[in-house]
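I open the model and take the entries one by one.

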Amino acid sequence: ERPVVECLAEDITLACARLPRAERPKACLYVSLAPRQAASQSLEQVVFLDLLLLCLVDLSTELVYMAEMAELHSEVLDFQGSALVLRVSGFSDKIYTLVRDLLRPVLGEHNGDLESAGLWTDERVARCAELLRERYANNDLTSTQLVRLLLSAASVGTRYMSTEKISVVQTLISDSSVTLASRLTQWQQGLQVRCLAYGDVQAAEVRALLAEEVAQPLGKRSVGGSGQAGAEAAVSLAPLLQMHVPPERTVRLLLARPRSAKERNAAVLCSFGLGAYAPEAALALYLLELLAAEPFFDELRTKQQLGYEVSCRTDELQRQLSLGLKVVSSKASAAELLRRILRFVATDLPALLQGAAQKGELRGKYLAALQQSLEQPALTLREAAGRYWVRMLDSSLAFDRRDAEKALARRWLRDEAEGGLSEQQLLRMLQELVQKALLSEPRLTIAVASVEDEEVFLNALKREV
């Protein structure tokens with residue numbers, strides 16, 4: 001069931017769905033705290049929130065004890081912006097207490113508040129700062145992890161990979177506990193709060209929790225009994241990320257050298273941007289992924305034995321669609337991996353489309369399989385809640401997206417006389433997608449992690465692209 005959206009107070013939005021057939025007494029509750037101008041936060045503010053996150057986790061022994069039930073993490077901080085995200089999944093009679101215990105050190109008053117007073121002890125700050133420095137150093141990142149981070153960072157124009165973060169940490173730990181507490185108070189100014197409650201939950205209890213533990217400490221207007229729904233609630237959500245979408249016919253190269261001395265794999269990820277989300281574009285892209293994923297793996301992994309990781313998948317970040325083809329290998333250079341990927345896109349993929357159409361498989365096999373997968377319900381309560389939470393984070397509140405995609409897939413599968421798409425219509429649609437978005441006018445971002453000579457790869461890039 002889709003959540004119902006309410007704007008409980010200024011900058012506080014709740015989406016709640018009580019499932020009559022939930023696996024009682026299970027529930028999921030997500031809370032995001034972010035400044036209204038999260039997408040334009042300074043590097044220092046981003047690092048501070050990372051430090052806050054680690055100190056809060058360190059403080060809460062209950063969180064450690066109940067690690068499978070609650071998580072604190074920076075859902076968007078890894079790239080850009082500053083949002084503290086709390087996720088609690090488990091028994092519904094426990095989640096409200098746990099959320100309250102986690103929110104109080106962050107939002108409670110610092111004077112006389114024992115939880116907050118113990119957050120910035122010298123020992124704790126020093127311990128968490130060391131963990132943060134190790135994380136920023138990225139010494140243990142594999143090539144495949146590095147290319148994903150590079151691509152995500154470029155998509156939102158962030159300085160995520162900047163080594164400046166380590167020096168910022170050093171500056172922060174030189175501050176006194178009073179100064180750190182003051183920084184926390186400054187961060188609290190103008191916070192926008194998103195909350196999703198899903199499963200065996202009572203909306204009245206969630207409203208009371210937000211009123212007592214969020215609205216009052218932040219000085220927001222009292223939570224009212226009536227909420228604003230739909231489009232009015234959507235207006236209150238400012239984007240957490242500011243996407244940087246390159247123009248058509250753009251090729252960007254992101255090149256990094258793994259810092260781990262043990263890493264010998266080369267990794268190449270080619271991401272083709274397809275623009276803003278729309279149901280028709282998304283469904284066409286899903287079809288293309290279904291058609292290409294297995295042959296791409298079979299050709300480069302099974303037949304050519306290039307590497308242990310070969311994948312082709314659809315991605316979406318902040319309502320921007322993309323198709324990513326990735327190969328990780330210790331047997332071939334990054335330049336050779338790039339050549340094989342682009343050769344598959346330019347030669348093999350058009351041939352696959354033509355062959356599938358000749359066999360009548362675009363409708364009968366791939367579109368039918370896509371429609372069947374869209375009709376499948378979520379496997380778990382947490383998985384279903386996660387789908388809706390993504391729509392909270394991207395500020396769209398488009399909880400009916402999956403329903404729109406299912407309806408469109410059913411329509412495409414109808415007989416042609418009833419408005420459905422024929423085999424040849426599907427073929428032309430996918431051919432146009434491949435020709436424009438992947439070949440003639442691509443928004444192509446190539447992320448590479450390799451210990452090889454950069455000049456060799458750059459020369460290969462010029463020849464191939």
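Which residues in H11 meet which residues in H16? I find Ala 284, Leu 285, Leu 287 and Leu 288 in H11 meeting Leu 426, Met 429, Leu 430, Leu 433 and Val 434 in H16. Contact here means heavy atoms within 4.5 Å. My classes: Ala, Val, Leu, Ile, Met, Phe, Trp, Tyr, Cys and Pro are nonpolar, Asp, Glu, Lys and Arg are charged, and the others, Gly among them, are polar.

Note on sources. This is a predicted model, in which local features need pLDDT of at least 70 and side-chain atom pairs count only at pLDDT 80 or more, while totals for chains, interfaces and linings use all residues. Residues are numbered from 1 along each chain as its sequence is written, and side-chain values use heavy atoms, with hydrogens and water left out.

Geometry next. H11 and H16 pack at an angle of about 90°, their axes 10 Å apart. That makes H11 roughly perpendicular to H16 (65 to 115 degrees). Axes are lines fitted to C-alpha atoms, for helices over the stretch in contact, and angles run from 0 to 180 degrees between N-to-C directions.

Whole chain. I list 17 helices and 11 strands; these are DSSP runs (helices H or I, at least four residues; strands E, at least two), numbered from the N terminus. Of the 465 residues, 52% count as buried (under 20% relative accessible area, 1.4 Å probe, protein chains only).

Second largest pocket. I get a volume of about 280 Å³. A pocket is an open set of points on a 1 Å grid over the protein atoms alone, with protein on both sides within 12 Å along at least five of seven lines; lining residues have an atom within 4 Å of a point. Grid points are joined across faces, edges and corners, and a volume is the space filled by probe spheres set on the points. The lining has 13 residues, with Leu 274, Ala 281, Leu 433, Lys 436 and Ala 437 nearest the centre. S8 (266–276), H11 (279–303) and H16 (423–440) each supply at least two. H16 gives the most, 5 residues. The lining divides into 6 nonpolar, 1 polar and 6 charged residues.

Cavities. I count 4 of 30 Å³ or more; a cavity is a set of points where a 1.4 Å probe fits but cannot get out. The largest cavity has a volume of about 60 Å³. Its lining includes Arg 257, Glu 452 and Phe 457. S7 (250–256) and H17 (454–464) give two or more residues each to that lining.

Key. Angles under 35 degrees count as roughly parallel, over 145 as roughly antiparallel, 65 to 115 as roughly perpendicular and the rest as oblique. Buried means under 20% relative accessible area, exposed over 50%, partly exposed in between (1.4 Å probe, protein chains only).
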